[in-house]
Amino acid sequence: MSADDEAMLLRGQTPDSRPELQMLGQSLAEFRGAALGLAPRASAALADRLASNEPLPDSKALAIAAPARRRVIVGRVAAASIAAAMIVSALGSANVLPPAAQVVFDQVVPTAVPTDHNSPAVPAVPLQPTSDSNIKNTPGDDAPTDPQAPAPSSSPDSTAPGNSGDNRGKGNNNGGGNNGNHGHSGGPDNGNGNKGKNNN
Amino acid sequence: MGVRGGAGAGESSFASTLAAAQAGASWATTAIWAQYSPAVFGFLRARGSAEPEDLTSEVFLTLFSTLRSFTGGEPEFRSYLFSLAYRRLVDELRRRSRRGVHDEFRPELDPRRTESPERDAESRLADRDTLALLDSLPDDQRNVMVLRIIADLTIEQIAEVLGKRPGAIKALQRRALERLRKQLGLPRTPDEPSNDSE
């Protein structure tokens with residue numbers, strides 16, 4: 001069957017040179033007539049639409065509404081991001097992030113948030129006896145030494161008197177004038193809870 | 001309405017009707033319904049829709065809700081309309097196969113039932129001789145034949161509606177015609193090798 005024969009058959013005609021295809025062409029013509037012979041009834045909703053002279057829905061209006069929806073979504077994502085950042089910041093300040101995250105946090109925010117002594121990023125500094133003359137005291141550490149004062153604890157969070165962290169503004173009186181700064185005098189925390197306020 | 005054909009006066013008539021329908025003129029939407037609904041209905045019915053009349057209305061409601069964004073001439077409109085019809089049909093067939101529901105036949109609910117004896121006779125003839133003619137074809141061949149004969153689409157338009165290549169549509173059409181020819185007991189045409197084994 002050639003393409004022309006097929007086209008004629010589909011139109012319900014029989015090619016002149018192919019009388020043997022007459023029955024097929026006739027059947028297809030009947031099929032076409034029968035299929036197109038019946039008109040459907042419109043549903044109630046469609047009948048309303050056909051009777052109405054109202055303008056058809058404008059798909060451009062839908063297209064305009066889309067950017068507005070996008071703006072709302074972007075706004076919500078931004079708000080969620082800000083809230084997440086604030087939560088992470090708060091957790092990082094409180095040193096309750098997982099160790100690896102805390103290290104990253106401390107590196108990213110080194111000055112904004114003071115690090116804790118327990119942080120693995122800050123090794124504990126052993127306190128030395130007062131005889132270490134190589135250590136230069138900070139200006140706040142030149143208070144008169146008290147030989148009777150208890151020896152400083154090796155632990156930075158010692159609760160020994162004078163190192164309890166409540167000696168702000170009272171001067172440092174921990175013996176030997178050494179408060180364990182070990183060159184950290186300009187830091188935010190000098191290791192004995194003075195918080196850099198060990199003024200006389 | 002005389003919008004079929006796609007050229008000359010028919011094309012300009014279609015363009016003015018389409019423009020009026022897009023503006024919401026009742027006469028124009030009604031003219032489109034009157035012109036195209038029999039073909040859509042026939043297509044859905046021949047392809048096995050359980051409720052072709054309701055489905056035809058749904059197709060046209062979808063058409064009218066999206067018509068303002070349509071651009072193109074009559075051939076493009078015809079492709080667009082039958083694409084909508086085909087998608088609706090596929091949805092319905094898929095839904096039915098998922099549910100696995102077999103409705104009991106009730107003559108009083110048969111959508112093919114008509115009031116006049118002439119139309120009734122016509123419908124019976126359609127059932128027995130013609131609509132059943134394509135039932136033996138595989139689905140893809142039946143789609144092509146129905147869209148070709150009832151919807152009057154070209155090979156390229158059918159390819160667009162069904163999402164296939166035109167070459168594949170041509171092959172399906174050829175196989176379908178050969179199969180129908182065999183079914184009607186006609187001798188093989190001597191000048192062509194058989195395509196049945198493809």
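Helices (DSSP runs of H or I, at least four residues) and strands (DSSP runs of E, at least two residues) are numbered from the N terminus. By this rule, chain A has five helices and zero strands, and its elements follow the order α-α-α-α-α from the N terminus on. The structure is a predicted model, in which local features need pLDDT of at least 70 and side-chain atom pairs count only at pLDDT 80 or more, while totals for chains, interfaces and linings use all residues. Residues are numbered from 1 along each chain as its sequence is written, chains are lettered from A and ligands numbered from 1 in the order in which they are written, and side-chain values use heavy atoms, with hydrogens and water left out.

The predictor's confidence in each residue is called pLDDT and runs from 0 to 100. Chain B has an average pLDDT of 80, and 72% of its residues score at least 70. Over residues 1-6 of chain B, however, the pLDDT is below 50, and this stretch has 25 contacts in the model beyond near neighbours in sequence, a contact being heavy atoms within 4.5 Å. Residues 191-198 of chain B also stay under 50, and here the model has 11 contacts beyond four places in sequence. The scores for the model are ipTM 0.71 and pTM 0.54.

Chain A can be described by how its residues are covered and connected. A residue is buried under 20% relative accessible area, exposed over 50% and partly exposed in between (1.4 Å probe, protein chains only). Of the 200 residues in chain A, 28% are buried. Among its contacts between residues at least 6 apart in sequence, 50% join residues at least 24 apart.

Next comes the interface. In the model, 38 residues of chain A are in contact with 54 residues of chain B. The size of an interface is often given as the accessible area lost when the parts come together. Here the buried area (the accessible area, with a 1.4 Å probe, that two parts lose on being put together, summed over both) is about 4200 Å², and carbon and sulfur atoms give 64% of this area. Six residue pairs, both residues at pLDDT 80 or more, are in polar contact across the interface. A polar contact is a pair of N or O atoms within 3.5 Å; within protein, one must be able to donate a hydrogen and the other to accept it, and residues adjacent in sequence count only if both atoms are side-chain atoms. On the side of chain A that touches chain B, the elements giving two or more residues are α1 (3-10), α2 (22-36) and α3 (44-51). Helix α2(A) gives the most, with 10 residues. By class, this side has 22 nonpolar, seven polar and nine charged residues; Ala, Val, Leu, Ile, Met, Phe, Trp, Tyr, Cys and Pro count as nonpolar, Asp, Glu, Lys and Arg as charged, and the others, Gly among them, as polar.

Side chains of opposite charge can pair when their charged atoms come close. A salt bridge is counted when a side-chain nitrogen of Lys or Arg lies within 4 Å of a carboxyl oxygen of Asp or Glu. Another salt bridge pairs Arg41(A) with Glu53(B) (3.3 Å, N to O). This pair crosses between chains, from the loop between α2 and α3 of chain A to helix α3 (residues 52-66) of chain B. Arg41(A) is exposed, at 53% relative accessible area, whereas Glu53(B) is buried, at 14%.

Within chain A, Arg18(A) and Asp5(A) form a salt bridge (2.8 Å, N to O). Arg18(A) lies in the loop between α1 and α2 and Asp5(A) in helix α1, so the pair ties together parts 13 residues apart in sequence. Both partners are buried: Arg18(A) has 7% relative accessibility and Asp5(A) has 8%.

Within chain B, Glu58(B) and Arg88(B) form a salt bridge, the closest N and O atoms being 2.8 Å apart. Glu58(B) is in helix α3 and Arg88(B) in helix α4 (residues 74-99), so parts 30 residues apart in sequence are tied together. Salt bridges that share partners also join Arg47(B), Asp135(B), Asp139(B) and Arg142(B) into one network. Asn143(B), in helix α6 (residues 139-149) of chain B, is buried at 7% relative accessibility. The side chain of Asn143(B) makes a polar contact with that of Arg47(B) (2.4 Å).
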